Amino acid sequence: MWYSKILVAYDGSKPADRAVQIACDMARENPQAQIVFAHVLKLVGFTMGESGMNQILFEQERDVQRRLEEVAAPFGERARVLMLKGSSPATLLVGCCEDEGCDVIVMGSRGMGGVKGYLGSVSRSVVQEAKACVVIAKEQ
């Protein structure tokens, strides 16, 4: 196989769900392949009175981590879940790909925002910046 380590970006969107399916299929096709599930925790500054918003965001991120751990579980030692922290998802994903030695990035065509049918800003930036191959998953 042409790939040995897959990075799959997950943000909870429908295209990201499809990306997870594709990456898992790729990992099943190549039993030696490792798979890294990554979610970016966007750091947002809040004032003192907005601690409730911080709690909501923390709970959402915890739910995403649990979801990814469930998807990763059948792959055992071949899979890891990473929660990346920062303000630039594309830069974090490209850096993670390089740091982890991934051959391919699988991600959704657009995230939680954006206009349906168009390539999102994060996926566009990853395609432009990554040295690895990038597979863009569209919502079915």
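View 1. Counting a disulfide as a pair of cysteine sulfur atoms within 2.5 Å, we end up with 0 of them here. As a reminder, a disulfide is a covalent bond between the sulfur atoms of two cysteines. For C102, the closest cysteine sulfur is in C97, and at 4.9 Å that is too far for a bond. C133 also has its closest cysteine sulfur in C97, but at 9.5 Å, again too far for a bond. C102 is buried at 9% relative accessibility, while C133 is partly exposed at 44%. Here, buried means under 20% relative accessible area, exposed means over 50%, and partly exposed is in between (1.4 Å probe, protein chains only).

A word on the model: it is predicted, so local features need pLDDT of at least 70 and side-chain atom pairs count only at pLDDT 80 or more, while totals for chains, interfaces and linings use all residues. Residues are numbered from 1 along each chain as its sequence is written, and side-chain values use heavy atoms, with hydrogens and water left out.

**View 2. The whole chain, for orientation.** The protein has 4 helices and 5 strands, running β-α-β-α-β-α-β-α-β from the N terminus. These are DSSP runs numbered from the N terminus: helices are H or I with at least four residues, strands are E with at least two. Of its 140 residues, 41% count as buried. Take the contacts with a separation of 6 or more, and 73% of them join residues 24 or more positions apart; a contact means heavy atoms within 4.5 Å.

**View 3. The aromatic pair at W2 and Y3.** A search of the whole structure turns up 1 aromatic pair. The ring centres of W2 and Y3 sit 5.1 Å apart with their planes at 80°, so this one is edge-to-face. The rule takes rings of Phe, Tyr and Trp (its six-membered ring) with centres within 6.5 Å, and calls planes under 30 degrees apart stacked, over 60 edge-to-face and the rest tilted. Y3 is also buried, at 4% relative accessibility.

**View 4. Helix 1 and its M26.** Helix 1 has 16 residues, which at 1.5 Å a residue should span 22 Å, and its end C-alpha atoms are 23 Å apart, which agrees. (The expected span is 1.5 Å times one less than the number of residues.) Buried residues in helix 1 include P15, A19, I22, A23 and M26. M26 has a relative accessible area of 10%. Beyond residues up to four places away in sequence, M26 touches W2, Y3, I6, V104 and V106. M26 and S4 are 22 residues apart in sequence, yet 9.8 Å apart in space, C-alpha to C-alpha.

View 5. N30 is in the loop between helix 1 (14-29) and strand 2 (34-42). This asparagine is buried, with a relative accessible area of 6%. Leaving out neighbours within four places in sequence, N30 is in contact with M1, Y3 and R78.

View 6. S123 belongs to helix 4 (residues 121-129) and is buried, with a relative accessible area of 2%. A polar atom of the S123 side chain lies 2.8 Å from the backbone oxygen of S109. Setting aside residues up to four places away in sequence, S123 touches M107, G108, S109, R110 and I136.

Definitions and conventions:
A polar contact is a pair of N or O atoms within 3.5 Å; within protein, one must be able to donate a hydrogen and the other to accept it, and residues adjacent in sequence count only if both atoms are side-chain atoms.
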